[in-house]
Amino acid sequence: MKFNKVEIEGLYVIEPNVFEDDRGYFFESYNKDAFEKNGISDLFVQDNQSKSQKDVLRGLHFQLPPYSQAKLVRVIQGSVLDVAVDLRKDSKTYGQYFSVVISAENRKMFFIPEGFAHGFLTLEGDTIFSYKCSNVYHTESEDAILWNDKDLSIDWRIESPVLSGKDNEAKCFNEFKSPF
C-alpha cells in the first residue's frame, strides 16, 4: 500500500497494491501492520455502507468527543468527491478542506482522523460507499456543518445536490465551537 500524505496533516490518500489477471483482481483494503507503519494506529470497531444515486451529497458529518471517529473510506461501486474539513482548533489548517475523487475504478482509499467533518458527493448512480469507523455511532454526539457554508468555500462541483433535511439544516461553520 502507498500512503500519500496531503497538505492537511493527518489525512492520507491510500493506494492499495492491486493484483489483476484474467480472472479479476485482488487487493488488501486494510492491513493493521501497514497502517501502523505509517503512523495510523486507530482501531476500527464499526463498518458502514451506503448506496446513493447520482448527485447525492451526504455531510458534513462528525461526532463529538468522546465519540469522535477516525474513518477509512472507499468506494465499492461508482465514484464520489470525498471531502474532509479540519475542525482541530489548534491546527494551522483549521477550517480548511481537502477533497479527492475516489472510485471503484481508481480503488483509492481516504483516511480521515478524529477532528474532521466528513462528506461526499456521488458522481455516479448506484454508488456504494464503505467506511470503517474507530468508534461506534452515538446519536447524541452526532453533529454537522452546512455543506455549502460560505466560510469554508468548498468546491463541490454542483449547485443543487440531493440532500437530507438534516444536512440542509446543519449549522454554519462560524456557529461551531470546536471541542477538538
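**View 1. Ser103 counts as buried, at 9% relative accessibility.** Buried here means under 20% relative accessible area, with exposed over 50% and partly exposed in between, using a 1.4 Å probe and protein chains only. Ser103 belongs to strand S9, residues 97–103; strands (E, at least two residues) and helices (H or I, at least four) are DSSP runs, numbered from the N terminus. A polar atom of the Ser103 side chain lies 3.3 Å from the backbone nitrogen of Glu105. Setting aside neighbours within four places in sequence, Ser103 is in contact with Val75, Gly78, Ser79 and Lys108, where contact means heavy atoms within 4.5 Å.

A word on the model: it is predicted, with local features needing pLDDT of at least 70 and side-chain atom pairs counting only at pLDDT 80 or more, while totals for chains, interfaces and linings use all residues. Residues are numbered from 1 along each chain as its sequence is written, and side-chain values use heavy atoms, leaving out hydrogens and water.

**View 2. Strand S11 is largely enclosed by the rest of the structure, because 7 of its 7 residues (116–122) are buried.** Take a look at both faces: Phe116, His118, Phe120 and Thr122 are buried on one side, and Ala117, Gly119 and Leu121 on the other. In a regular strand, side chains alternate between the two faces of the sheet.

**View 3. S11 has antiparallel partners in strand S6 and strand S8.** Strands pair if DSSP finds at least two bridges between them. S6 (residues 57–63) is joined to S11 by 4 bridges, and Gly59 stands opposite Gly119. S8 (residues 79–86) is joined to S11 by 7 bridges, with Ala84 opposite His118.

**View 4. Six strands form an open antiparallel sheet in the order S1-S2-S10-S7-S12-S5.** At its edges you will find S1 (2–5) and S5 (46–52), each pairing on one side only. Neighbouring strands of this sheet are turned by 25 degrees against each other on average, direction ignored; the axes are lines fitted to C-alpha atoms, and angles run from 0 to 180 degrees between N-to-C directions. S1 and strand S2 (residues 12–15) run antiparallel, joined by 4 bridges, and Asn4 stands opposite Val13 in S2.

**View 5. Stepping back, the chain has 2 helices and 13 strands.** Its C-alpha trace spans about 55 × 35 × 30 Å along the principal axes. Of the 180 residues, 48% count as buried. Among contacts with a separation of 6 or more, 80% come from residues 24 or more positions apart.

Definitions and conventions:
Polar contact = N/O pair within 3.5 Å; in protein donor to acceptor, adjacent residues only side chain to side chain.
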